[in-house]
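Here is a short report for a first look at this structure. Keep the sequence and the 3D view open while reading.

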Amino acid sequence: GPTGAAGVVAEPILSLEIDPDAAQTHRQAHGMASIVETDVRYVHAQRMAAGQYVEGLIASPPCQTFSRAGAMSGHKAIKQLRAAVRMLAQGAPMRVAVQSHLLGGEDERTLLILEPMRFIAELEALAPLEWVAMEEVPLAEPVFQAYQDVLREMGFSVWCGPLETEDFGVAQRRQRVVLVASRVAVVGRPHVDTPKRCMDDVLDLGYLSADAVLKPGSWTGTVRGRGLVRRTSPAPTLAFGRDYGGWEWVVPDTSFTSPLTQKEAAALQGFPDIYPWFGRRPSVARQISNAIPPPMAAQILRVATS
């Protein structure tokens, strides 16, 4: 969020992040005063605003329980989650919305997809928001459609649907479902006129032989396909576990291997070379994998904020 927001919206009043390493990365990239390490479930949006006018809200709920790489327990609770979104929009406390729709036994990460609606309702009690921007994995789209319906009733212009990172000049195949809502403009599908890029376009691979190809790690087979990928193609979806998980460059029919580097992984997500990551290798791998590519995020926010 904050990376894509740079140069598009004013510095956030406050960003919330539960991962200490990701929070420190944010501080190094965007300043010391704009992030708090906390669990969003324990933050009251009105107290967070501290009397300042909140123009917009950026939300990227965790995707693990909606992802094909996980158990997909969140996807199995879509109907209940959609109903809970509407209850929260009507001012119901989170505890009531969860209990009313028998969501008490759900993975706590699943319920975090409801937190943006709680924040919206609490902030709207202070002053009308101008815009909202959200992203998730595609299987969460029915929940976002519930947000879409509610926000339209609240007077927002709303667009909701899937987007491909390739269409934003990112050298990686990754699909996200996005919601953009605005009270100050009529919104449509975010897009940018830029050519599609391949790995050779964004990586300095001069240390490899011309016939080297990318071998994705173990997580990718459950997400966006498996097999060797030519450098003249975009990378498959970067999905890392505790580390870069076996992602490496190989030369077919030889014993040559070379691990995908942190710098290469970040570039395939659209981050600049000098981005100041903080943390050990597994932590940075997780941060890169969890991020929405900055070029895509920036265009989403341009549409939301007009």
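Glutamate 115 and arginine 118 form a salt bridge, and their closest N and O atoms are 2.6 Å apart. This is a predicted model. The two residues sit three apart in helix α8, which covers residues 115–124, so about one helical turn separates glutamate 115 from arginine 118.

**Salt bridges across the chain**

The structure holds 15 salt bridges. Another one of them joins the side chains of arginine 231 and aspartate 200, at 3.2 Å from N to O. This pair links distant parts of the chain. Arginine 231 lies in the loop between β7 and β8, while aspartate 200 belongs to helix α10, residues 199–202. The two are 31 residues apart. Arginine 231 counts as buried, with 12% relative accessibility. Aspartate 200 counts as partly exposed, at 33%.

Lysine 215 and glutamate 248 also meet through their side chains, in a salt bridge of 3.8 Å from N to O. Lysine 215 lies in strand β7 and glutamate 248 in strand β8, so the pair ties together parts of the chain that are 33 residues apart in sequence. Lysine 215 is partly exposed, with 38% relative accessibility. Glutamate 248 has a relative accessible area of 19%; the cut-off for buried is under 20%, so glutamate 248 is buried.

Salt bridges can also share partners. Asp39, Arg41 and Glu108 are joined into one network in this way.

The table sets out the three pairs described above.

| Salt bridge | N to O distance |
|---|---|
| Glutamate 115 – arginine 118 | 2.6 Å |
| Arginine 231 – aspartate 200 | 3.2 Å |
| Lysine 215 – glutamate 248 | 3.8 Å |

**The sheet with β7 and β8**

Which strands make up the open sheet of three strands? The order is β7-β8-β9, and the pairing is antiparallel. Strands β7 (213–215) and β9 (257–259) stand at the edges. Each has a single partner strand, so one side of each is left without a neighbour in the sheet. From one strand to the next, the twist averages 35°.

Strands of a sheet pair through backbone hydrogen bonds. Here, three bridges join β7 to β8, and these two strands run antiparallel. Strand β8 covers residues 248–250. Leucine 214 has tryptophan 249 in β8 as its bridge partner.

**The whole chain**

Along the principal axes, its C-alpha atoms fill a box of roughly 65 × 40 × 35 Å.

How much of the chain is buried? Buried residues make up 49% of the 306 residues. The accessible surface comes to about 14200 Å², and 51% of that surface belongs to carbon and sulfur atoms. Among contacts between residues at least 6 apart in sequence, 69% join residues at least 24 apart.

Key
Residues are numbered from 1 along each chain as its sequence is written. This is a predicted model: local features need pLDDT of at least 70, side-chain atom pairs count only at pLDDT 80 or more; totals for chains, interfaces and linings use all residues. Side-chain values use heavy atoms; hydrogens and water are left out. Two strands pair if DSSP finds at least two bridges between them. Helices (H or I, at least four residues) and strands (E, at least two) are DSSP runs, numbered from the N terminus. Axes are lines fitted to C-alpha atoms, for helices over the stretch in contact, and angles run from 0 to 180 degrees between N-to-C directions. Buried means under 20% relative accessible area, exposed over 50%, partly exposed in between (1.4 Å probe, protein chains only). Contact means heavy atoms within 4.5 Å. Accessible areas come from the Shrake-Rupley method with a 1.4 Å probe; for residues, only the protein chains shown count as cover. A salt bridge is a side-chain nitrogen of Lys or Arg within 4 Å of a carboxyl oxygen of Asp or Glu.
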